[in-house]
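Open your viewer and get ready to select residues one group at a time. At each stop you will hear what to select and what is there.

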Amino acid sequence: MKVIQVNNYEELGKIAGEMILEQMEAKSDSVLGLATGETPVGIYRYLAEEYRNRNLSFSKVRTVNLDEYIGMDGRDEQSYRYFMNQHLFDRVDIRKEFTEVPNGKCENAEQECLRYEKRIEEFGGIDIQILGMGENGHIGFNEPGSEFICDTHVVSLTEETREVNARFFDSADNVPEQAITMGIRTILKARKIILAAFGVKKAEALAGVLKDRVTPWLPASVLQFHPDVTVIADAAALSKCSGLY
């Protein structure tokens, strides 16, 4: 893994954003794997700003998101479709029919997982995947103990993850209990991966990713098997990684 230490959140967004723009320059119809949460917001902000400043076009770009809550309509402010519209899709000239987020209101979640995998294949696979990481090392909604051989699937969220996400809802009781998520195998098929981590709460998990053996109990550790991963993190997130990069 390549590790880049940044001085602040804005620098994280710029460096990751430039990697994505370089990918788009090399291939105008690039397939971007996108993530939600606090960490990637700065990346999307940078992309939207550069879209305006450089007269860039996202019109040929296609995107696939990591996950979505089951039971949540894309018009709901807590849905990940709404998040992506707010932070990126409505701020650039991307074609909405080229943006894929799992359908949280589908009638059959298992069929939706199969549809989603097929759609990624139709796009030609993911060129560059953005990942955040939970404090317990989860990527997407692949929680500790997840199988590494899974494609897109239905997952029950742990109480820890639901408690962390409760800050985005009126109460913890309103946090959905299940989600559709890309599986570890789907993520590892991406040609390039950016793992973004910010803040001391990610330090222990990130140290495990960089130094410990690969284990399902630290899902992000599986990235050690991928040939092209760039970790972008601040000093706090890297505070337990001395001598590892």
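**Before you start**

You are looking at a predicted model, in which local features need pLDDT of at least 70 and side-chain atom pairs count only at pLDDT 80 or more, while totals for chains, interfaces and linings use all residues. Residues are numbered from 1 along each chain as its sequence is written, and side-chain values use heavy atoms, with hydrogens and water left out.

**Stop 1: the sheet**

Helices (H or I, at least four residues) and strands (E, at least two) are DSSP runs, numbered from the N terminus. Seven strands build an open sheet with parallel pairing, in the order β1-β10-β9-β6-β2-β3-β5. Its edge strands are β1 (2–6) and β5 (99–100), each of which pairs on one side only. Two strands count as paired if DSSP finds at least two bridges between them. In general, strands of a sheet pair through backbone hydrogen bonds, either parallel or antiparallel.

Now select β6, residues 128–131. Strand β2 (residues 31–34) runs parallel to β6 and is joined to it by 2 bridges; here Gly33 stands opposite Gln129. β6 also pairs with β9 in the parallel sense, over 4 bridges, and Ile130 faces Ile194 of β9.

Which way do the side chains of β6 point? Ile128 and Ile130 point one way, Gln129 and Leu131 the other way, and all are buried. Buried means under 20% relative accessible area, exposed means over 50%, and partly exposed lies in between (1.4 Å probe, protein chains only).

Move on to β9 (residues 192–197) and β10 (residues 229–234), which pair in the parallel sense over 5 bridges. Leu195 stands opposite Val231 in β10.

**Stop 2: the nonpolar cores**

Leu206 touches both of them, along with Met133, Ala197, Ala233, Ala237, Leu238 and Cys241, not counting residues up to four places away in sequence. Touching, or contact, means heavy atoms within 4.5 Å.

Leu206 and Tyr44 have the most contacts inside the largest nonpolar core, which has 62 residues. Helix α1 (residues 9–26) gives the most to this core, with 6 residues. A nonpolar core is a set of buried Ala, Val, Leu, Ile, Met, Phe, Trp, Tyr and Cys residues joined through side-chain atoms within 4.5 Å.

For a second, separate core of 10 residues, select Phe141, Val155, Leu157 and Ala179, which are among its members.

**Stop 3: helix α3 and the largest pocket**

Select α3 (80–87). Because 6 of its 8 residues are buried, α3 is largely enclosed by the rest of the structure. The buried ones are Tyr80, Arg81, Phe83, Met84, Asn85 and His87, and they pack against β2, α2, β3, β4, β5 and α5.

Which element gives the most to the lining of the largest pocket? It is α3, with 5 residues. β4 (67–69) and α5 (159–165) each supply at least two residues of this lining as well. To find the pocket's centre, select Thr36, Gly37, Glu38, Asn165 and Arg167, which lie nearest to it among the 37 lining residues. The lining divides into 15 nonpolar, 14 polar and 8 charged residues. Here Ala, Val, Leu, Ile, Met, Phe, Trp, Tyr, Cys and Pro count as nonpolar, Asp, Glu, Lys and Arg as charged, and the others, Gly among them, as polar.

The space in this pocket is about 860 Å³. A pocket is found on a 1 Å grid over the protein atoms alone: it is an open set of points with protein on both sides within 12 Å along at least five of seven lines, and lining residues have an atom within 4 Å of a point. Grid points are joined across faces, edges and corners, and a volume is the space filled by probe spheres set on the points.

**Stop 4: Phe169**

Select Phe169, in the loop between α5 and β8 (178–181). Is Phe169 buried or exposed? It counts as buried because its relative accessibility is 11%. Show its neighbours too: Phe169 touches Tyr69, Met72, Gln78, Asn174, Val175 and Pro176, not counting residues up to four places away in sequence. Phe169 and Gln78 are 91 residues apart in sequence, yet 7.2 Å apart in space, C-alpha to C-alpha.

**Stop 5: Asn55**

Finish in the loop between α2 (41–54) and β3 (62–65), where you will find Asn55. Asn55 counts as exposed because its relative accessibility is 70%. Check its backbone: Asn55 has a positive phi of about 60° although it is not a glycine.

Terms used
On a 1 Å grid over the protein atoms alone, a cavity is a set of points where a 1.4 Å probe fits but cannot get out, and a pocket is an open set with protein on both sides within 12 Å along at least five of seven lines; lining residues have an atom within 4 Å of a point.
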